[in-house]
Amino acid sequence: MQHILIVEDDLDIQELLKNFLQDAGYTVTLAGDGAEAVSLFSDTHFDLILLDIMLPKIDGFTVCELIRRKSRVPVIMLTALSGEEEQIRGLDLQVDDYITKPFSMPILVRKIRAVLRRSSMASEQEHRTIAYKNLVLDLDSYTAAVDGVSFELTQREFEVLRELLTHQGRVLTRQNLLDRLWKYDFYGDERVVDTHIKNLRKKLGIDFIKTIRGVGYKIDKEN
């Protein structure tokens, strides 16, 4: 079920949007001000954001700017400001649609569906990579590049690095990695994970895979 973040300080509109979108089959999370929206976005995956402009603490334009520094998640702006200047500013921030209040709920739902459909098609067409500092992991070719220089990795080396990068900030125990990647194909001891980490560090010359003594490994979240 797709997850929508509604950022709106008017409680009546909040409730109206929540009920209508839940009835349309979406999971909904509410934020009453810009600071709460940024915090929720940092901790949770959303498929789309409905974002009011006139918000307490941090306005919608600034919220959108902060989000766009990290993500291309679809954003639809909801606002009572119908002037050309506001719309141009929103479009410059790469919002996906701009809807002025008052608006029709059935039309809003159709616009949400259209934006999500376009986003899904774009995601499928994009070349899939994970970037972290000076490293780029190519999920389609199973290769890694550091400072633009490509390195061939074994399948298991690639998968260990991918797991760490997709769980930034979390400690993955050796057993976690064995269960995720080796599953039932390997019945040896956990030192096989240490060997793969050692090989990755040596091959790529990277120093951001941290050893958590007695536990496992982690990569810190990129600021």
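In which loop does Lys133 lie?

1. Lys133 lies in the loop between S6 and S7, where helices (H or I, at least four residues) and strands (E, at least two) are DSSP runs numbered from the N terminus. The phi of Lys133 is near 50°, a positive value in a residue other than glycine, and Lys133 is exposed, with a relative accessible area of 55%; here buried means under 20% relative accessible area, exposed over 50%, and partly exposed in between, with a 1.4 Å probe and protein chains only.

2. On provenance: this is a predicted model, in which local features need pLDDT of at least 70 and side-chain atom pairs count only at pLDDT 80 or more, while totals for chains, interfaces and linings use all residues. Residues are numbered from 1 along each chain as its sequence is written, and side-chain values use heavy atoms, with hydrogens and water left out.

3. Asp147 also has a positive phi, of about 55°, although it is not a glycine. Asp147 is placed in the loop between S8 and strand S9 (149–152), and at 59% relative accessibility it counts as exposed.

4. A further backbone feature is the cis peptide bond that joins Lys101 and Pro102, with omega about -5°. Pro102 belongs to the loop between strand S5 (97–100) and helix H5 (105–125).

5. The structure holds 2 aromatic pairs, for which rings of Phe, Tyr and Trp (its six-membered ring) must have centres within 6.5 Å, planes under 30 degrees apart counting as stacked, over 60 as edge-to-face and the rest as tilted. Tyr142 and Phe158 form a stacked pair, at 4.1 Å centre to centre and with 20° between the planes. Tyr142 lies in the loop between S7 and S8 and Phe158 in helix H6, so the pair ties together parts that are 16 residues apart in sequence. Phe158 is buried, at 0% relative accessible area, whereas Tyr142 is partly exposed, at 26%.

6. Asp138, found in strand S7, counts as buried at 14% relative accessibility. A polar atom of the Asp138 side chain lies 3.0 Å from the backbone nitrogen of Ser141.

7. For helix H1 (residues 11–23), the 13 residues should span 18 Å at 1.5 Å a residue, and the end C-alpha atoms are 18 Å apart, which agrees; the expected span is 1.5 Å times one less than the number of residues. In H1, Gln14, Leu17 and Leu21 are buried, and they cover an arc of only 75° around the axis, which puts them on the same side of H1; the arc is that of the directions from the helix axis to the C-beta atoms. The face of H1 turned away from the buried side carries the exposed residues Leu11, Asp12 and Asp23. Just after H1, Gly25 takes a positive phi of about 105°.

Definitions and conventions:
A polar contact is a pair of N or O atoms within 3.5 Å; within protein, one must be able to donate a hydrogen and the other to accept it, and residues adjacent in sequence count only if both atoms are side-chain atoms.
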